[in-house]
Amino acid sequence: MDKVKVTKDNLKFLLDLLDEAERISYDRCKAESPGIEVEKSLGCAIWMRTFEVGYVKTLLKVKYRDHEISDEAVEDLIAELRKIRSENKSIRDYL
């Protein structure tokens, strides 16, 4: 399995996972870089993206044991989830 498919059954789990990864990476970057606007920092953006991919990949490996997933597949999944979330502002109401 190199790709996790977004389905109706796993969408809430995947969105929650992405939200958690984003929150943790933002909080950690903010704590490590006092006085810097995280939203405008290229260094934070790069670090946060790398952290989010690693975090999501690790938790997907826990959920889908015995399956390998590449960083590229995780990056594609994250991009797809962000697109779903941005295009459907009230998606949480339906989950």
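## Chat about this model

Me: Lys40, buried or exposed?
Reply: Lys40 counts as exposed, because its relative accessibility is 68%. Exposed means over 50% relative accessible area, buried means under 20%, and partly exposed is in between (1.4 Å probe, protein chains only).

Me: Before I go on, what am I looking at?
Reply: This is a predicted model, in which local features need pLDDT of at least 70 and side-chain atom pairs count only at pLDDT 80 or more, while totals for chains, interfaces and linings use all residues. Residues are numbered from 1 along each chain as its sequence is written, and side-chain values use heavy atoms, with hydrogens and water left out.

Me: Back to Lys40. What does its side chain meet?
Reply: The side chain of Glu37, in a salt bridge with an N to O distance of 3.6 Å. A salt bridge is a side-chain nitrogen of Lys or Arg within 4 Å of a carboxyl oxygen of Asp or Glu. Glu37 is partly exposed, at 48% relative accessible area.

Me: How many salt bridges in the whole structure?
Reply: The search finds nine. One of them joins Arg82 and Glu52, with the closest N and O atoms 2.6 Å apart. That pair links distant parts of the chain, since Arg82 is in helix α3 and Glu52 in helix α2, 30 residues apart.

Me: And Glu52, buried or exposed?
Reply: Glu52 is buried, at 6% relative accessible area, whereas Arg82 is partly exposed at 29%. Both belong to a network of salt bridges that also links Asp19, Glu22 and Arg85.

Me: What does Arg49 pair with?
Reply: Arg49 forms a salt bridge with Glu75, where the closest N and O atoms are 3.7 Å apart. Arg49 lies in helix α2 and Glu75 in helix α3, so this pair ties together parts that are 26 residues apart in sequence.

Me: New topic. How many helices and strands are there?
Reply: Four helices and zero strands, which gives the pattern α-α-α-α along the sequence. Both kinds of element are DSSP runs, numbered from the N terminus: H or I of at least four residues for helices, E of at least two for strands.

Me: Last one. Which residues touch the most other members of the largest nonpolar core?
Reply: Val56, Leu60 and Leu81, out of 21 residues in that core. α1 gives the most to this core, with seven residues. A nonpolar core is a set of buried Ala, Val, Leu, Ile, Met, Phe, Trp, Tyr and Cys residues joined through side-chain atoms within 4.5 Å.

Me: What is Val56 in contact with?
Reply: Leaving aside neighbours within four places in sequence, Val56 is in contact with Leu17, Ala21, Val74 and Ile78. Contact means heavy atoms within 4.5 Å.
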